[in-house]
Amino acid sequence: MRLWLRQFQGELRKLFARRRTYIGFGAFLATEVAILGLLQLPSAQRAIARTLESSGYLFADYYTGMTLAFLMMTNTIFFLGSLYLALVAGDVVAKEVEDGTLRMILSRPVSRFRVLAVKFAACAVYTGALMVFITASSLVVAVAYQGMGNLFVFAPLQGVFGLFPPGEALGRYALAALLLCPLTLTITTLGFFFSCFNMKPAAASIVALTLLFLDMVLQLMPYFSSIHGWLLTYHMSVWVHLFDPHIDGWKIAESLAYLGGIQASLLAVAVLHFQGRDFKS
Amino acid sequence: MAEGSAPTYFMPMEAPGPAVDPPMLEVQGVCKRFGARRAVDSVSFQVRRGELFGLLGHNGAGKSTTIGMILGQVYPDAGTVRIGGADVFQQRARALARVGAIFETPCFYDYLSGWRNLEVFTAYTRLTTEDEIRRAVRRVGLEGRIHDPVGKYSHGMRQRLALAQALLPDPEFLILDEPSDGLDPEGIAEMRELVLDLNRREGLAILLCSHQLDEVQRLCRRLAILRSGRLVFSGNWHEMDPDEQELDLRTADTEGDCRALEQAGMAGHKDGRWVLASGTQVADCVDFLVSKKKSRIQHAGIKEATLEDVYLRVTRGGEGRER
C-alpha cells in the first residue's frame with residue numbers, strides 16, 4: 001500500500017508540478033471574472049429579470065452572489081472545464097509514450113495494469129480538484145462582488161426552476177460541486193481512454209472532445225429525444241437536478257450508474273489494449 | 001552475399017562448471033515481426049552473472065527490439081527471455097526486480113528536478129530511502145545540480161541522471177543502450193570508468209549496446225552482433241578465428257611476396273587480408289622469402305584484430321566459418 005501511495009504521489013506530482021496546471025487554473029479564474037462582467041450587461045440582467053418576474057419574483061431578491069456563482073460555474077465548466085480535462089487526460093499516457101518516459105517506467109518491475117491504475121487515480125484526483133476549484137472560486141468571486149443572497153436556478157433543457165434561501169442554496173451548491181466530480185470524470189475517462197491507444201496526445205484530446213461535442217449536439221436536437229437516455233452529456237448534466245425543489249435521487253443515481261458503467265467499460269478496453277501494446281523507441 | 005545468407009559465427013560454449021545460478025540473462029530463440037518486416041529472427045544469447053556483454057549491430061539491426069523484449073516492453077512472436085531464471089513475460093516482477101536500464105535518449109520529466117525524477121521512477125520498483133538516492137547521485141557526480149529542473153540539464157548531465165536512475169534501487173543487471181551517446185571525450189572516458197567500476201568492483205552484469213566499437217572493445221570480451229534481425233556472431237570476439245592469423249608484412253614488393261607465399265601454400269587471401277596457412281609461423285614465411293626470393297623485409301608479424309575488423313567482417317557478410 002505504501003508503494004502504491006508513493007507511485008500515486010509521483011503521478012500527482014507530475015500533474016500538479018506542470019506550469020500549464022496553474023496557467024489553466026488562472027484561465028478558469030479569468031473566465032469566471034469575464035462571465036461576471038458579462039452578467040452586468042443590461043441585456044443579460046433584463047433577461048434574468050424577465051424570467052423571474054414572469055413567475056412573480058423580484059429581480060432584486062434573486063440577482064445575488066449565489067445566482068451569479070451558479071451561472072459563472074455552469075458556464076466555466078461547460079466551455080472550459082471539458083476542454084481542459086480532455087487535454088490533460090489525453091496527455092497523460094500518450095505524452096509519456098511520445099516522450100519516452102513510459103518506457104523508463106515499463107523497464108521496472110511494475111505491471112502495465114498498475115501503471116494505468118495509478119495514472120487514472122491521479123487523473124481522478126485532478127478532476128476533483130479542478131471541479132472544487134471552479135465551484136469554490138466562482139462562489140468566492142461572486143459573493144465578494146454581490147454578497148450571498150438567495151439562489152435562482154433556471155435550466156430549461158433539464159426543466160429545472162428553483163428558488164432557494166441562502167442556507168439551502170449553499171448546501172445544494174456544495175452538493176453540486178461534489179456531484180460534478182464523478183460526472184466530469186467521464187470526460188477525463190474518455191480522454192484517458194484514447195490516450196492509451198497509439199496516437200499523439202493532441203489527437204487523443206481532439207477525438208475525445210469531438211465525441212463529446214457530437215453527443216451534446218445530439219442532445220440539443222429535439223429529433224433525437226428518443227436516444228437522450230444513451231447520451232453522455234445528458235447524464236453528465238444530471239447535477240442540475242440538485243436544484244429541483246424536490247431532488248430526484250433515483251434519477252441522479254441512474255445517471256451515476258450509467259456513467260460509471262461507461263467509465264468502467266472504457267477503462268477495461270483501454271487496459272486490454274495497453275496490455276498488448278509494444279513499446280519501442 | 002545476399003542478405004539472410006550471411007555466415008554466422010558462434011563460439012563454442014565453455015564447459016559448464018559445478019552447479020551454478022542460472023545466467024543473468026538468457027535470450028532464447030526470440031522472433032519479432034512488425035507487419036511484414038522481420039525485426040528479430042531467432043536470436044539467442046546469454047549474459048553471465050557479473051559479465052560485461054556487448055550487443056552490436058547497425059541501425060535497424062534489431063538491437064532496440066531485442067532490448068524491448070528483454071525488458072518486457074515488446075512481446076516476442078516466439079522465444080523466451082529469462083532474467084535470473086525468471087521469465088520476463090510470465091514473472092515480470094521477479095525478473096525485473098533488480099534490473100536497471102538506460103535508453104539511447106535519456107527521457108525525463110523536464111519540469112521536475114533530477115531528485116524528483118529519481119523518486120518518481122524508483123517508486124515503480126520499491127520504496128527507496130533518501131540515502132539510497134543520495135548515494136546514487138553522488139556516484140554519478142550530480143550532487144550540485146540534483147535539485148535543478150531536468151530541463152536545464154546538459155546532455156551529459158541527463159546521461160548521468162539516467163545512470164543514477166538505473167542504479168536505483170539496487171540492480172544486479174544493467175542494460176545500457178548507448179550510454180556514451182552525445183558525450184564529449186571526457187564524458188565518454190568517465191562513463192567508461194564508471195561502467196568498468198560497476199562491473200568489476202560491484203559485480204554487476206552489464207549488457208552494453210553501443211555504436212562506439214572502440215568503447216565496446218575496451219569493455220567487453222563477449223558480445224553478440226545482430227545483422228538485419230539475425231544473430232551473426234555470439235561469443236568471445238578475440239576467439240572468433242583463433243587459427244586464422246592475419247599476416248602483417250611490409251617488403252619492397254609486399255603484394256608479390258604475399259603471392260609467393262600463397263603459391264608456396266604458406267598463406268592465403270581472405271576478405272582482402274593475407275592470412276597464414278594453418279600451422280605456418282611468421283618465421284617460416286620470413287625464412288622462405290629471404291632464402292628463396294631474396295626479399296628485403298621491412299616488417300613481418302601478426303596483425304592484431306580489432307573489434308572493428310571483426311564487426312565489419314561479420315556484418316558485411318564476408319567469408320566466414322560457422323563454428
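At what angle do helix α8 of chain A and helix α12 of chain A pack?

1. This is a predicted model, in which local features need pLDDT of at least 70, side-chain atom pairs count only at pLDDT 80 or more, and totals for chains, interfaces and linings use all residues. Residues are numbered from 1 along each chain as its sequence is written, while chains are lettered from A and ligands numbered from 1 in the order in which they are written.

2. α8 (residues 112-146) and α12 (residues 249-276) of chain A pack at about 140 degrees, their axes 9 Å apart. Axes are lines fitted to C-alpha atoms, for helices over the stretch in contact, and angles run from 0 to 180 degrees between N-to-C directions. Helices are DSSP runs (H or I, at least four residues), as are strands (E, at least two), numbered from the N terminus.

3. Arg112(A), Phe113(A), Leu116(A) and Phe120(A) of α8(A) meet Leu267(A), Ala270(A), Val271(A), Phe274(A) and Gln275(A) of α12(A). Contact requires C-beta atoms, placed from the backbone, within 7 Å.

4. Between chains, 26 residues of chain A contact 29 residues of chain B. On the chain A side, α1 (2-16) and α7 (101-106) each give two or more residues. α1(A) gives the most, with 7 residues.

5. Chain B has 10 helices and 15 strands. Its C-alpha atoms fill a box of roughly 75 × 45 × 45 Å along the principal axes. Of the contacts in chain B with a separation of 6 or more, 69% join residues 24 or more positions apart.

Notes:
Two residues are in contact if their C-beta atoms, placed from the backbone, lie within 7 Å.
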